[in-house]
Amino acid sequence: MAASPCPSASISGSLLCSASSSSSFRHALLSLVSGDFCGGPRQRVLNSKSSSCAGRRRREGSVRRAALNTSTSIDPQPSFANPEPDIASLKLKLLGAVSGLNRGLAASVEDLRLADSAAKELAAAGRPVFLSEDLDKLQGKWRLIYSSAFSSRSLGGSRPGPPTGRLIPITLGQVFQRIDILSKDFDNIVELQFGTPWPFPQIEATATLAHKFELIGTANIKITFEKTTVKPSGNLSQFPPLELPRLPDALRPPSNTGSGEFEVIYLDSDLRITRGDRGELRVFVIT
């Protein structure tokens, strides 16, 4: 009689056989889940696919690295941008162009051209003027160092004003603009010297033309005349100021409307350049 693989007569043999079979099943199940068949056909297929995928990834990585190396090796395009303008040197150029011209009274046609060119160059190099943002920079007392209008030999510039020269012996002293951004006061202050016959001393006085100002647009200012006050100085400084009466509108020349506009084309903490509504160029420095 053939012997049974697991003899029922032997309990211990049966237990050993059952335990052996169960252990092999568990091992096969674990091998199936993990994909490991101890070198069986399925494992070789999986290994082959895994090796193929790894090789493909290595090749793709090599291609990407080569592309990156190629792109980083390209020389950057040369920059043709102009260098930043030197504002300080342009300011010095303008100051040099207007120096020695007696505020413009001694300017020739060539002097006017050079000053105008230097002012345009500085204005183009500086940032645009926005008075709503830079209003605080207007505050203070500014000294006029150049006016192209004075080349007309008139203290009124392109507007009516007393002429300078021997017919009326008036010497122009310092000219200032005093601006108060809170009260909107805009005063033109002119120091004058009046010639007198010998042996009388020269008469000195300071004329203040009071205005109110308002902003027009981004860089324009409109001023409206209010009054003129003359204060004697020098040997007559003990006298009180005198307010000159304003001409009635009917007697005022059409060109003298009592108001005017100008554009601020350059402004920083110590220099201001303006262009009047009749084209006159003025340069001021803060005092």
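The model is predicted: local features require pLDDT of at least 70, side-chain atom pairs count only at pLDDT 80 or more, and totals for chains, interfaces and linings use all residues. Residues are numbered from 1 along each chain as its sequence is written, and side-chain values use heavy atoms, with hydrogens and water left out.

**The whole chain**

Select the protein chain, which has 5 helices and 9 strands; helices (H or I, at least four residues) and strands (E, at least two) are DSSP runs, numbered from the N terminus. From the N terminus on, the order of elements is α-α-α-α-α-β-β-β-β-β-β-β-β-β. Of the 287 residues, 30% count as buried, where buried means under 20% relative accessible area, exposed over 50% and partly exposed in between (1.4 Å probe, protein chains only). Among contacts (heavy atoms within 4.5 Å) with a separation of 6 or more, 53% join residues 24 or more positions apart.

**Helices H3 and H4**

Next, select residues 87-98 (H3) and 109-125 (H4), whose axes come within 9 Å and cross at roughly 160°. Axes are lines fitted to C-alpha atoms, for helices over the stretch in contact, and angles run from 0 to 180 degrees between N-to-C directions. H3 and H4 are therefore roughly antiparallel to each other, the class for angles over 145 degrees, as against under 35 for roughly parallel, 65 to 115 for roughly perpendicular and the rest for oblique.

Now centre on Val 98 in helix H3. Val 98 is buried, with a relative accessible area of 5%. Not counting residues up to four places away in sequence, Val 98 touches Ala 115, Ile 145 and Tyr 146. A C-alpha to C-alpha distance from Val 98 to Leu 114 gives 8.4 Å, for residues 16 apart in sequence.

**Backbone exceptions**

Most residues other than glycine have a negative phi, and most peptide bonds are trans. Select Arg 103, in the loop between H3 and H4: Arg 103 is not a glycine, yet has a positive phi of about 65°. Arg 103 is buried, at 12% relative accessible area. Lys 184, in the loop between E2 and E3, also is not a glycine and has a positive phi of about 65°. Lys 184 counts as partly exposed, at 30% relative accessibility. Then move to the peptide bond from Trp 198 to Pro 199, which is cis, with omega near 10°. Pro 199 lies in the loop between E3 and strand E4 (203-216).

**The nonpolar cores**

A nonpolar core is a set of buried Ala, Val, Leu, Ile, Met, Phe, Trp, Tyr and Cys residues joined through side-chain atoms within 4.5 Å. The largest has 24 residues, and Leu 138 and Ile 221 have the most contacts inside it. The elements giving two or more residues to this core are strands E1 (140-147), E2 (170-180), E3 (185-194), E5 (220-233) and E7 (259-267). The largest share, 4 residues, comes from E2. A second, separate core of 20 residues includes Leu 94, Leu 122, Ile 265 and Leu 281.

**Asp 134**

Finally, select Asp 134 in helix H5 (residues 131-134). Asp 134 is buried, with a relative accessible area of 8%. Leaving aside neighbours within four places in sequence, Asp 134 is in contact with Arg 127 and Leu 267.
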